[in-house]
Amino acid sequence: MVLKTFGWSFAITALGLVAAVLYGGWEAFGIVAILCVLEISLSFDNAVVNAGILKKMNAFWQKIFLTIGVLIAVFGMRLVFPVVIVAISAKIGPIEAVDLALNDAERYEQLVTDAHPSIAAFGGMFLLMIFLDFIFEDRDIKWLGWLERPLAKLGKIDMLSVCIALIVLAISAMTFATQAHQHGGTHIDAASTVLLSGVFGLITYLIVGGLSSYFENKLEEEEEREHEAEEEAKRSGKKVTAIELAGKAAFFMFLYLEVLDASFSFDGVIGAFAITNDIVLMALGLGVGAMYVRSLTVYLVRQGTLDDYVYLEHGAHYAIGALAVLLLVTIRYEIPEVVTGGLGVALIAWSFWSSVRRNKRLAAAEGSSGEKTEVASGV
């Protein structure tokens with residue numbers, strides 16, 4: 001089962017790591033491995049959400065999502081999008097950006113370094129909004145209850161996450177951006193760049209989130225209509241084919257999943273800039289990671305178990321929050337790649353370990369209650 005589901009991912013991993021060694025030696029090997037783990041950890045909740053929706057679709061639309069959808073996710077968001085970010089921020093054409101990355105690494109690195117404040121502000125704000133919207137939502141299952149309970153109460157205040165994000169952006173622009181350029185006499189321009197890029201990051205999040213909500217609402221409406229049509233057909237004795245029932249709702253499911261997958265892709269792509277500016281290594285690491293997300297989605301659908309490790313989603317979002325803060329700090333300070341990559345992996349590992357402990361406690365509680373029932377019944 002595991003080999004059948006993850007076979008392609010294992011093969012692409014081997015090819016990606018070999019390509020990394022040939023491209024940049026063992027240091028590149030380590031960076032690609034970290035990016036792969038980062039993409040998987042940040043996108044685990046994406047796989048869970050995808051699996052929950054994908055299992056409602058018929059076989060045809062599942063194949064569409066797992067073929068065309070993967071091509072869009074891997075080649076569109078993980079390969080093309082980093083080039084677009086560099087091209088826009090450095091004000092060069094995408095073809096020139098790719099050519100520089102491959103043939104003039106020094107100039108490309110300088111362009112990326114010069115554009116880093118705007119990239120960090122854009123990405124930091126986008127990631128920060130994902131994190132804030134998560135921790136301010138009241139959830140039935142809480143991982144760090146001492147922190148999440150009071151934050152859930154504060155989350156009832158409208159637009160609180162947007163207000164906090166804008167405050168963080170203003171502080172970052174007035175501290176990291178000005179201090180980073182205080183010797184060059186361009187601190188006002190640097191602060192303006194950080195502010196503008198951060199606002200664009202916030203706007204991008206709101207647009208993507210709005211589109212996701214729109215398609216989700218359309219999906220719910222279509223499912224309601226399909227259910228009513230099916231009930232009406234049963235009462236009147238008419239036959240409703242499976243294709244008619246699956247077609248409309250599945251189409252909106254597909255659109256919703258693509259928008260949702262794109263929104264989740266942003267954090268991995270943006271977070272990768274905190275680890276490396278090398279577009280080749282970025283493409284290799286994120287591409288391999290995206291394949292595992294696809295395989296994990298299929299695995300969760302086939303197994304039918306999405307709730308075994310309930311704290312993993314929390315760990316992924318805390319990792320996103322940590323990356324957001326680190327990106328903003330890197331506007332002025334250089335942070336080692338091992339720290340940025342290792343912190344996210346550590347948070348995911350901690351949440352996984354907490355989930356395992358929770359499952360053991362629940363199993364022990366069920367076992368003890370079963371023994372008490374047997375004793376009470378005289379068995």
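Here is a short talk through helix faces, patches, salt bridges and one backbone angle.

Visitor: What should I know before reading it?
Guide: This is a predicted model, where local features need pLDDT of at least 70 and side-chain atom pairs count only at pLDDT 80 or more, while totals for chains, interfaces and linings use all residues. Residues are numbered from 1 along each chain as its sequence is written, and side-chain values use heavy atoms, with hydrogens and water left out.

Visitor: Which residues of helix α6 are buried?
Guide: Buried means under 20% relative accessible area, exposed over 50%, and partly exposed in between (1.4 Å probe, protein chains only). Helices are DSSP runs (H or I, at least four residues), numbered from the N terminus. In α6, residues 145-154, the buried ones are G145, E148, L151 and A152. Down the axis of α6 they fall within an arc of 140°, so they line one face of the helix; the arc is that of the directions from the helix axis to the C-beta atoms. Turned away from that buried side are the exposed W146 and K153.

Visitor: Which residues make the nonpolar surface patch?
Guide: Patches take residues with over 30% relative accessible area and no salt bridge, joining like charges within 9 Å and nonpolar side chains (Val, Leu, Ile, Met, Phe, Trp, Tyr) within 5 Å. Areas come from the Shrake-Rupley method with a 1.4 Å probe; for residues, only the protein chains shown count as cover. Here L166, L196, V199, F200, I203, I207 and L211 make a patch of about 590 Å². Helix α8 gives the most, with six residues.

Visitor: How many salt bridges does the structure hold?
Guide: A salt bridge needs a side-chain nitrogen of Lys or Arg within 4 Å of a carboxyl oxygen of Asp or Glu. There are two. E137 pairs with R139, the closest N and O atoms being 3.1 Å apart, and K142 meets D138 at 3.1 Å, N to O. E137 is partly exposed at 43%, while D138 is exposed at 53%.

Visitor: What is the phi of M159?
Guide: Most residues other than glycine have a negative phi. M159 has a positive one of about 60°. M159 lies in the loop between α6 and α7 and is exposed at 54%.

Conventions. Helix = DSSP H or I, 4+ residues; strand = E, 2+ residues; numbered from the N terminus.
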